[in-house]
Amino acid sequence: MDRNRLQHQVACMRRSLFDQGYLDEQFIQLEELQDDANPNFVQEIVTLFYTDSARLIQSIEQALNSRPIDFSKLDDYMHQFKGSSSSIGAKKVTNECTVFREYCRAENAEGCIRSFQQVKQEYAILRRKLEVYFQMVRQAAVAHTA
């Protein structure tokens, strides 16, 4: 596939991530920090987000399964997860984190459990989409240097 076509596909996929509400302007700000000296900056930041998220998801699951549920601890974990999500521009994940935190404040265990499923679903969808996006970015970069 030629370079221009790959670059067009990357641009279209990037646009769709914004149009569908998966990403917000924070992702653009990350991209603006990327340069020739650090060409994989955004991907590296997103990879750190995945690592941090896996730890937080596990902590939230453990807290949801403990009795009695410590809603303050749950809210702290989700606050961290929301901050990480927001820092990469993960708009849908961030929004679901907000809903979860509202259930925490209301000490609504069922609401937290349902909401957490939504958080994990939006996270998984975003992760899959970003993995495909970054794969396309790498292919376009290879085509550019070839």
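Here are legends for a few close-up views of this predicted model.

View 1. A disulfide is a covalent bond between the sulfur atoms of two cysteines. Take Cys 112, which is in no disulfide. Its nearest cysteine sulfur belongs to Cys 104 and sits 3.7 Å away, and a disulfide would need the two sulfur atoms within 2.5 Å.

View 2. Cys 112 is buried, with a relative accessible area of 0%. Cys 12 has a relative accessibility of 39%, so this one counts as partly exposed.

**View 3. Helix H5 and its buried side.** Helix H5 covers residues 91-105, which makes 15 residues. Now pick out its buried residues: Val 93, Thr 94, Glu 96, Cys 97, Phe 100, Arg 101 and Cys 104. They cover an arc of only 160 degrees around the axis, which means they lie on the same side of H5.

View 4. Follow the chain past H5 and you'll meet Glu 107. The phi of Glu 107 is positive, near 50 degrees.

**View 5. Helices H3 and H4 side by side.** H3 is made of residues 41-65 and H4 of residues 71-88. Their axes come within 10 Å and cross at roughly 160 degrees. Angles over 145 degrees count as roughly antiparallel, so that's the label for H3 and H4. As for handedness, H3 passes H4 in a left-handed crossing.

Note on methods: Residues numbered from 1 in each chain as written. Predicted model: local features only at pLDDT ≥ 70, side-chain atom pairs only at ≥ 80, totals over all residues. Heavy atoms only, no water. Buried < 20%, exposed > 50% of the residue type's maximum accessible area, 1.4 Å probe, protein only. Helix = DSSP H or I, 4+ residues; strand = E, 2+ residues; numbered from the N terminus. Expected span 1.5 Å × (residues − 1). Arc of directions from axis to C-beta. Axes fitted to C-alpha atoms, helices over the stretch in contact; angles between N-to-C directions. Parallel < 35°, antiparallel > 145°, perpendicular 65-115°, else oblique. Left-handed = near helix turned anticlockwise from the far one by under 90°.
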